[in-house]
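Work through these exercises with the model open beside you. Try each task before reading its solution.

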Amino acid sequence: MRELDYGKIGLRIRQARKAKGWSQGAMAQTCGISMSFLGHIERGTRIMSMDTFAAICEVLGAKADELLWGIPEPTEASLSGMWGQAGTKGGDNDSYMMYTKIMKSVAEIMGGV
């Protein structure tokens, strides 16, 4: 099992916050935590509760995998690239479409999309 790197998690949270143009104070208030605590989270010097992490994910509109492990949500283009050239000679468009539907369903069941 991989160990969590709270410094990297904090960095990803900071990057997502800054990408939205938010100050620490504004985001902390929205999440219901102090600005000081958010600063500690972003530096990786304090561990947040699951409730706080869920609030941060929701406020940022980020998936847990993205913040925890740096795994962005795959785009349709990247899925198509992994599967092959769906709809072209040698591609299997029906299989690709079924695969995409299954993966989206799994993501919904697991609390994603």
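The model is predicted.

**Exercise 1.** Decide whether Ala-28 is buried or exposed, and list what Ala-28 touches.

*Solution.* 
- Step 1. Take the cut-off: buried means under 20% relative accessible area.
- Step 2. Ala-28 has 1% relative accessibility, so Ala-28 counts as buried.
- Step 3. Set aside residues up to four places away in sequence; Ala-28 then touches Ile-33, Ser-34, Met-35 and Leu-38.
- Step 4. Check one distance. Ala-28 and Gly-39 are 11 residues apart along the chain, and their C-alpha atoms are separated by 9.0 Å.

**Exercise 2.** Work out how helix 2 is oriented against helix 3, and which residues make the contact.

*Solution.* 
- Step 1. Helix 2 covers residues 24–31 and helix 3 covers residues 35–43.
- Step 2. The two pack at an angle of about 105°, and their axes are 8 Å apart.
- Step 3. Angles of 65 to 115 degrees count as roughly perpendicular. Helix 2 and helix 3 are therefore roughly perpendicular to each other.
- Step 4. Helix 2 brings Gln-24, Gly-25, Met-27 and Ala-28 to the contact, and helix 3 brings Met-35, Leu-38, Gly-39 and Glu-42.
- Step 5. Sort the residues of this contact of helix 2 with helix 3: 4 are nonpolar, 3 polar and 1 charged.

**Exercise 3.** Which residues are buried in helix 3, and what covers them?

*Solution.* 
- Step 1. The buried residues in helix 3 are Phe-37, Leu-38, Gly-39, His-40, Ile-41 and Glu-42.
- Step 2. Their cover includes helix 1, helix 2 and helix 4 (50–60).
- Step 3. Look just past helix 3. There Gly-44 takes a positive phi of about 80°.

**Exercise 4.** How many disulfides are there?

*Solution.* 
- Step 1. A disulfide needs a pair of cysteine sulfur atoms within 2.5 Å.
- Step 2. For Cys-57, the closest cysteine sulfur is in Cys-31, 9.5 Å away, which is too far for a bond.
- Step 3. Cys-31 is likewise in no disulfide. The count comes to 0 disulfides.
- Step 4. Check burial. Cys-31 has 13% relative accessibility and so counts as buried. Cys-57 is buried too, with a relative accessible area of 9%.

**Exercise 5.** Which residues of the largest nonpolar core touch the most other members, and which helix gives the most to this core?

*Solution.* 
- Step 1. The largest nonpolar core has 17 residues. Ile-13, Met-27, Met-48, Ile-56 and Leu-67 touch the most other members.
- Step 2. Helix 1, helix 2, helix 3 and helix 4 are the elements that give two or more residues to this core.
- Step 3. Helix 4 gives the most, with 5 residues.
- Step 4. Now follow Ile-56. Leaving aside neighbours within four places in sequence, Ile-56 is in contact with Ile-13, Met-27, Cys-31, Ile-41, Met-48 and Leu-67.

Key: Residues numbered from 1 in each chain as written. Predicted model: local features only at pLDDT ≥ 70, side-chain atom pairs only at ≥ 80, totals over all residues. Heavy atoms only, no water. Axes fitted to C-alpha atoms, helices over the stretch in contact; angles between N-to-C directions. Helix = DSSP H or I, 4+ residues; strand = E, 2+ residues; numbered from the N terminus. Parallel < 35°, antiparallel > 145°, perpendicular 65-115°, else oblique. Contact = heavy atoms within 4.5 Å. Nonpolar A, V, L, I, M, F, W, Y, C, P; charged D, E, K, R; others polar. Buried < 20%, exposed > 50% of the residue type's maximum accessible area, 1.4 Å probe, protein only. Core = buried A, V, L, I, M, F, W, Y, C linked by side-chain atoms within 4.5 Å.
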